[in-house]
Amino acid sequence: MKFDRKFDRSVVSAYVILTPLALLMLVPLVFMFTTSVKTLGDILSLEFQWIPQRLALENFQRVVEVMPFTRYLYNTASIVAMTFLVQSVTISLAAYAFARLRFAGRDLLFFLFLVQLMIPATSIIIPNYQTIRAFGILNTRLAVGMVYFASAYGTFLMRQAFRAIPRDLEDTAKLDGCNGLRVIQHVLLPLTKPSLVAFAFVSGTFHWNNFFWPLLVTDTARARTLTVGLAMLTQATESTPEITITMAAAVMITAPLFILFILFQKPFIESFAGAGALKG
Amino acid sequence: MKVRRLIPYLYVLPAFVFLFLFTYYPAGFALFRSFFHWNTSFIQPEFAGLFNYRQLLQSRRFWQVVSNTVIYSLSFIGASTILALFLAVQINKIKRAGSFYKATFFYPTMIPMAAAAMIWMFMYLPDYGLINAYLRRYGMSSVNWLNDRNIALFSVTMVGIWKYTGYYMLLFLAGLRNVPDELMDAAMIEGANGRQRLFKIILPLISSHLFFILIIAIINALEAVDQIYIMTQGGPSNSTNLIVYFIYQQGFRFWDMGTASALTAMLIVSLLLIVSFLFATLGKKVYYEV
């Protein structure tokens, strides 16, 4: 039996504590939306207005005029897709070996994979920039995605998922003459789709939002991503009034992911919470 | 037979090639190049011994960056993890609308740091910004959030806390699933107060999550750079310059790759030392459920 009476007070206090904090948390989001539809007049009034005089939807039109938005969108989407596709191949293969095969040095290799988690990509921008330059692929979409083609997190996630699948299934497949590759493709991956989807959410979010590395290796619209384009926008137009257009651009680059997040809230949140399984 | 023994390595190979090329080789390369003069006055890199390190250790700017990074990291890690644990415990209590609160605290994870930095930069504007507008409304004087060298680091830290707390909260919530309701009920009946329940029951049961979140937070703190690039460029008077931004400045603004490499090497070694130290000390005490 539950001691609901005792809990009542603490449940009510939880709501009382959480509600104002949640509203506070939302302020930057609301600020972004409301500023994106303001006019200069609204901005320049010293009294802050949450609701603009009129909806200045022309701000969004202006964004498309001052930056090659569709090009950036295409670049970003293709980098996200390319990175995830290559990652899903590299991590599935490595995860299969770590989960199922025996070979000398396996644990050491797996340890080397895990150490990658401790070395964030932004800490090694200098040598990675040199490598990308030596390859002659500066200012390409490949340069933006390539450094992330191996994912320690993804390898770990898929290894855990593969290990949870009973071996009997594979043994049957092997008797039918399937080799490792076909076992991964026809037995393991179909059964571990939720893990791969979870990884897609995490990887996709990271690469959609990634900023510093794409900033360094791109210098024209050819390979620039949306986040880099956003930063360029404020550098091109330094006067304060342009904040309406910058916020309109911020809404536009955030919207695709944000809409996905609202539609698929539960799987999104669970995918990120899944990172909590990564311990020990 | 021999060929068959090689097959497992072929599976690992594609991932390993990229892992080596873009993590281990660059870490080693940075260490190697840190012993070279490699800047605009040298056509070819030239061996310099410990010159780059000596130069850095003697520069006030370097120590200021170290101090900024330590202050940023400690306040970011402390505030975001404590707040995240607090939110998780509260959300765990409620039965309705839990997913609304979860989404509300978590959504900043979905916003690119570049966009978040823009939003906060405009909220911080001295004259037209949201925050000062409210300060003025309640009769307080305006604050120069990003241009006052005593405040700018704090202002930048707030962005990090806002962006990451919801994510850590989510990880704590996953941990709190390990705390059985019955145990909390029993503790309440026995008269354990809130603090006892937190320190004697909740924290020990989620210690492996806590440990993991701490390590993620340390990495998130040390890799922070997007918001610095967008909001302050390390200023005013170097007061918000954090280690990764400093590496970027040395490498891409002053084209001093030798110094930038020395900084990179120091950052990676510190990261690995901190994490190994934590594993060796706290990691052993952590309670792992089977």
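## Exercises on a predicted two-chain model

A compact globule of 280 residues would have a radius of gyration near 19 Å, whereas chain A comes to 24 Å; the radius is taken over C-alpha atoms, and the globule rule is 2.2 Å times the number of residues to the power 0.38. This is a predicted model, in which local features need pLDDT of at least 70 and side-chain atom pairs count only at pLDDT 80 or more, while totals for chains, interfaces and linings use all residues. Residues are numbered from 1 along each chain as its sequence is written, and chains are lettered from A and ligands numbered from 1 in the order in which they are written.

**Exercise 1.** Describe the build of chain A.

*Solution.* Start with secondary structure: chain A has 15 helices and zero strands (DSSP runs, numbered from the N terminus; helices are H or I with at least four residues, strands E with at least two). Next, take the box: along the principal axes, the C-alpha atoms of chain A fill roughly 75 × 70 × 30 Å. Then turn to the domains, whose bounds come from an automatic or database assignment: domain 1 of chain A spans 4-57 and domain 2 spans 67-236. Their C-alpha centres lie 36 Å apart.

**Exercise 2.** Work out what chain A brings to its contact with chain B.

*Solution.* Count first: 77 residues of chain A and 78 residues of chain B take part (a contact means C-beta atoms, placed from the backbone, within 7 Å). On the side of chain A, helix H1 (residues 4-36) supplies the largest share, 15 residues. Sort that side by class and you find 54 nonpolar, 20 polar and three charged residues (Ala, Val, Leu, Ile, Met, Phe, Trp, Tyr, Cys and Pro are nonpolar, Asp, Glu, Lys and Arg charged, and the others, Gly among them, polar). As for confidence, the predictor gives the complex an ipTM of 0.91 and a pTM of 0.92.

**Exercise 3.** Locate the largest nonpolar core.

*Solution.* The core has 159 residues, and those with the most contacts inside it include Ala250(A), Ala117(B) and Phe172(B). Such a core joins buried Ala, Val, Leu, Ile, Met, Phe, Trp, Tyr and Cys residues through C-beta atoms within 7 Å, buried meaning 20 or more other C-beta atoms within 10 Å. Helix H7 (residues 152-176) of chain B gives the most, 13 residues. Domain 1 (4-57) and domain 2 (67-236) of chain A both contribute, so the core lies between them. Finally, zoom in: leaving out residues up to four places away in sequence, Phe172(B) touches Ala84(B), Leu85(B), Ala88(B), Ile206(B), His209(B) and Ile213(B).

Methods. Two residues are in contact if their C-beta atoms, placed from the backbone, lie within 7 Å. A residue is buried if 20 or more other C-beta atoms lie within 10 Å of its own, exposed if 12 or fewer, and partly exposed in between; C-beta atoms are placed from the backbone.
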